[in-house]
Amino acid sequence: MVNIAVLVKQVPDTNSKIQIAGDMVDLSTVKMDISPYDEFAVENALQHKESGGGTVTAITLGGAGADKVLKGVKALGVDNIVRLDADGYMDSNSLQSVLAEEISSGGYDVVYCGKSAADTGAGSTGPGIAERLGWSSVSNVTEISFDGGLTVTSPAEGGNAIIDVSLPAVVSCDKGSIKVRKSNVKGIMMAKRAQVDVKAVSPPASSVTIVSQVMPPAKPAGKKFEGGDAAQTVAQLLRDEANII
Amino acid sequence: MTETVVIAELSKGKISSTTNELVTAASKLGSNCTIVVPCTESSVANEASNIAGASKVIAAKSDVFANYDASAWAEAIDAVAPSGIIITAASAQSKDLAARLAARRSISVIQDVIEIEGTTLSTPIYSGKAIQNVSVSGNTAISVRANVFAPADNTGNCEVQVIDTTGNVATALKEMVQRASQRLDVSEANIIISGGRGMGTPANFSHLEEIADKLGAAVGASRAAVDTWDEIPHSMQVGQTGKTVNPNLYIAVGISGAIQHLAGMRSSKYIVAINKDADAPIFQHADYGIVATWEDALPVLSSSLSGLLG
């Protein structure tokens, strides 16, 4: 019986427009959703459980608004849902400390997470937690096999590495070829009644402070040409003006 | 004097020029720069000793560097790297390593840095839809995006110290599966030509491949193309749920420029867009836009490139 944890994060829907109010991003009107790669982490966690039995616990870090994401994965078949109650910015050091402590006290054998979250795009959490726990980790995993232990596929220079992973380990997941399951009405009803296990945390102080959030600098208007023959002009510009070819 | 530690980026077993860019980034953060070269043979590190601005090169020699194992690499590098601000490239593997090293030293990590101004670091958030500026106190680990900082010259000459090191390998490489095609992956390429659903059929991507081969470019795709055609694998996808790329040149063909796609490629140095719809959003981000069908534009582009490249 494997004790499986999966880390999920609530982020702005990737199709949403990001706007700035003052000198910070304003998310008040933005639809929030589970971070896309976390969906693959959840699917892999559930398949791991189905391959040989066990329990899957989804863990998030955030305010009460993040319960929606937990209920969403509960509806997919996750057994337990835990929210580490914290709001506001935490740097990677304080965030990973809190998560690693929860993983450690929960007695988990394996942790799945997305390869990066759609808001920061950093991808630090999986390997960072593994280091703190003294576990192995494999990132950007596209395929997983559960036959006779855990075997994963991860990109390496010039191709893909197929790697045997011994537990305990952290596996951070890319899209790959797996299809993620959808929730059904029964699952959604059950998730509605499910209790989120809310836990207080005491993170260490952050050494990183957000100064401001701004829109990317606007690009000066480019040159636009009509008709396919202009490709010759553009090729010449790439040589003479851009010095690229 | 802030100490900086650059972890050399290697490509095909050699020091990549990205390492020179990392030394430039280091010069903005501190004055004493040590380059650590993870290697199985210390001769690899000699090339790094020419990078101007480096005060010392440490050839971290170990068998563990034959294949990437995050925990063994972090342990072996941590053992030989001085304390200070750690600077790595922002490749998938190096970001993973930066996170490991930071956690090992209980410092924070800031990934994908695109600007350094005093102690303020800028990174893209929401896949580049916005930029976050942070200030850092004390030591930290940062990964630096490629093609952002000018590479330091190779006019230096500093000492190379070879130190044997090791780490505990926790994973076992079972097999390396080489990519069938010799073409670069979008995450490794300096030039990318991508196709969208406007290509009509997946077979038409062969026209992109023809140009890619001339330029030594990688072939990418939009999410719409990947979702529509099984023949176009997700590994080719550029965008918020695919790969974020930062090449010198990005050529978008038959791609309208959905916010999802723009997020993954907007920071490319030069962008060329070919689209038959003059109002396609991609043109707002293109340095050079061609309003034409790909059928009209690509043959001309192909023959022009042949002429220019000889």
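In chain B of this predicted model, the mean positions of the 21 positive and 30 negative charges lie 3 Å apart. Lys and Arg count as positive and Asp and Glu as negative, with His and the chain ends not counted; each charge is placed at NZ of Lys, CZ of Arg, CG of Asp or CD of Glu.

Because the model is predicted, local features need pLDDT of at least 70 and side-chain atom pairs pLDDT 80 or more, while totals for chains, interfaces and linings use all residues. Residues are numbered from 1 along each chain as its sequence is written, chains are lettered from A in the order in which they are written, and side-chain values use heavy atoms, without hydrogens and water.

Chain B contains seven helices and 18 strands, taken as DSSP runs (helices H or I, at least four residues; strands E, at least two). Its radius of gyration of 21 Å is close to the 19 Å given by the globule rule for 310 residues, so chain B is as compact as a globular protein of that length; the radius is taken over C-alpha atoms, and the rule is 2.2 Å times the number of residues to the power 0.38.

| Property of chain B | Value |
|---|---|
| Span of the C-alpha trace along principal axes | about 55 × 40 × 40 Å |

The contact (heavy atoms within 4.5 Å) takes 81 residues from chain A and 80 residues from chain B. The two chains bury about 6400 Å² between them, 55% of it on carbon and sulfur atoms; this is the accessible area (1.4 Å probe) lost on being put together, summed over both. A:Glu131, A:Ile162 and A:Lys219 supply 10% of the area that chain A buries against chain B, more than any other three residues.
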